Each structure stands twice: as C-alpha cells, then as structure tokens.
Amino acid sequence: MGHSFFMETKNACPVCRAKKFIPRFIKNGYPIERCSSCGFERAVMHESYTKLTDRYYTKGYFTGEKERYAYSNYAGDFSVFKKNFDSVVRLLLHFTRGRTLLDVGCAYGFFMQVAKKHGFDVFGIDVSAHAIREAKEIFGGNVNHGRFDEVIFPPASFDAITMLDVFEHFDDPASSVRRARKLLNRDGILVIETNDTQSLWAKMFGRDWHFYIPPQHLSFFSAANMTMLLEKEGFRVEAIRYSGKWIPLRYALHLARSIRGSKLAESLYHRVRDMWLGRLPLYINFFDHMIVIARKI
Ligand SMILES: [Zn+2]
C-alpha cells in the first residue's frame, strides 16, 4: 500500500504484529478497525494521544458532562463504586501477599482508598489533572499526574499494578503492559479490567455496543487476544472473571442518555439526578466485562 517502514511498524497489531486491519464501522467520527489475524480492534485516532487526554479528562468527565459519555457524579457515587472496588481487592488478595500497589488511572483515588483499607501501600497515576488534584487531597505525593509511560518509578517497585476500566483508553496497550512488567516485583500481579469483544453482548449489539465510545475507548480486546498479548509480554494469565458491577441509577441513565441518546433516559435522569433515588445501586452483568489477573514470569 506504499506505507513507509515506520508507518507499517507503528500500525502493526500490538498483539500479533500482523499488518492487515479490516475496517468495521465508524463511531463518533472515528473508524474502528479489526486485526485480520487476532481480532484486536482499535479506533483510528486523528489527534495526538497527549492532546486527547488533555482535552478529554476534564472536570466534566467526572461530573456529568453529556459529551464525555462518562460519570454522572463520580464523587457523589463513591459509596456504590466502593462495592466494585472491594470485590477487586478481595480477588487480588487470592493472588498476592505483597503490599505495594500502583493504580494506573486512579481518578480520585477511590480504589486506592479501598485497597489501603485492606492493608496495601498505595500509589496512583492519572492523565486527568482535575482527578489528581482531588486524589492529592488524600494521598498527597503518592499520586502523580501523567501518562503511564512518562511518570517515573524505580523498577521492581510494586507487588501489584491495577488498570481498572482504563486499558481500553490506551492508544498503545502493549507498551503499557511492558512498562507494568518492568515496575512489578518478581511474581508481581497485573490486574486488567476491560470489556470483551467476543462476548455475546458485544456480538449482539455490534457497532451499538455501549463499549464502542471513541475517543474515550481506543483499544478493544477479547479474552483470547488479551491472553496472547500478556503471554507475549512475559505474563501468565491466572484467572479471567466475568463479574457484574454495581452502578448507581443516575449513572446508568446518564450513559443511556449520552451513549444511546435515549430521550426517556434524558428525562428520567434530570428527575432523579439530585434525589436519593439517583444513587440507588443496580447490579448489572451482561457478561461482557472481564477482570484479567496475570502474573509476571
Ligand atoms: Zn492482531
């Protein structure tokens, strides 16, 4: 196709290195393409990743700005999110006795708070300057603003690294896994929570799957190609769980009004947003959301 060598290298599949991608559909103005060999999917970006993260993860991302397809009231819904974080920590405790933990994409530090209660020594980073300002109120110097590939940590400094609902936000997931391996101790654990493109739910909805929301989500995995990537980068996958999540009613309505453009959700959202009913926790499980536990080998 007349690509230069460097273009081809950059555009190769981060999982299997194949160079052939097949266009699937366009969503929010971004083409989504699929690796013809392993099925890894990605959004084709039209701006630099740093520019994107600077403009996208502003305060509105956490406070209900409609165009962000994100949180309704992140701070106000902590009590509900805490239930999910608590199950992740409990799962993690089956795989490590270590105590130092880095949460990549730590947002306001809510997962860190829960992990700390369970005895972890916690650190966090996030690309959102707003979120890190909030997290610093509690964690001070233990949290840093920046991308995972630019914030400096000494090698082998963590027993566990968590990437909870953030892996799909990366434009270069392979380098994130490589970096996690460098920062983990011997036998260290990497936890990745993301959604599965081979789930029944994903296949049923196709381009309308709620998880296809570029430019927030850029990289899309299945259990199979996630395992392939982790093994290639020096990890052994020890468990993959399809667990459900607690989400507050107002957050569910906010996603439905923004991602789906639902008029009903829009009107209900405005009615319940500031009521106790808005915080009502709903348990959802479409079996399209996976928690992957991998060990450094
Ligand atoms: Zn591939």
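Biologist: What do the buried residues of α10 pack against?
Modeller: The buried residues of α10 pack against β11 (245–248), α11 (263–272) and β12 (281–284), where two residues are in contact if their C-beta atoms, placed from the backbone, lie within 7 Å. This is a predicted model, in which local features need pLDDT of at least 70 and side-chain atom pairs count only at pLDDT 80 or more, while totals for chains, interfaces and linings use all residues. Residues are numbered from 1 along each chain as its sequence is written.

Biologist: Which residues of α10 are buried?
Modeller: L249, R250, Y251, L253, H254, L255, R257 and S258 are buried in α10; buried means that 20 or more other C-beta atoms lie within 10 Å of a residue's own, exposed means 12 or fewer, and partly exposed is in between, with C-beta atoms placed from the backbone. Because 8 of the 10 residues of this helix (residues 249–258) are buried, α10 is largely enclosed by the rest of the structure. Helices (H or I, at least four residues) and strands (E, at least two) are DSSP runs, numbered from the N terminus.

Biologist: And α7, where do its buried residues fall, seen down the axis?
Modeller: The buried residues of α7 (residues 173–183) are P173, S176, V177, A180 and R181. Seen down the axis of α7, they fall within an arc of 140 degrees, so they line one face of the helix; the arc is that of the directions from the helix axis to the C-beta atoms.

Biologist: What covers them?
Modeller: The cover over the buried residues of α7 includes β7, β8 (184–195), β9, α9 (223–232), β10 (235–241) and β13 (289–296).

Biologist: Which residues touch the most other members of the largest nonpolar core?
Modeller: That core has 74 residues, and L101, F111, A115, I161, M163, L190 and V191 touch the most other members. A nonpolar core here is a set of buried Ala, Val, Leu, Ile, Met, Phe, Trp, Tyr and Cys residues joined through C-beta atoms within 7 Å. L190, leaving out residues up to four places away in sequence, touches I161, A180, L184, F235 and A294.

Biologist: Switching to sheets, in what order do the 4 strands of the open sheet come?
Modeller: The order is β1-β2-β3-β9, with antiparallel pairing, and two strands pair if DSSP finds at least two bridges between them. The edge strands, β1 (21–27) and β9 (219–220), each pair on one side only. Between β1 and β2 (residues 30–35) there are 6 bridges in the antiparallel sense, and F21 stands opposite C35 in β2.

Biologist: What about S36, which residues does it touch?
Modeller: S36, in the loop between β2 and β3 (41–43), touches A18, K20, F21 and I22 when residues up to four places away in sequence are not counted. S36 is partly exposed because 13 other C-beta atoms lie within 10 Å.

Biologist: Now the backbone: which residues does a cis peptide bond join?
Modeller: A cis peptide bond joins P214 and P215, with omega about 5 degrees, and P215 lies in the loop between α8 (200–205) and β9. Most peptide bonds are trans, and most residues other than glycine have a negative phi.
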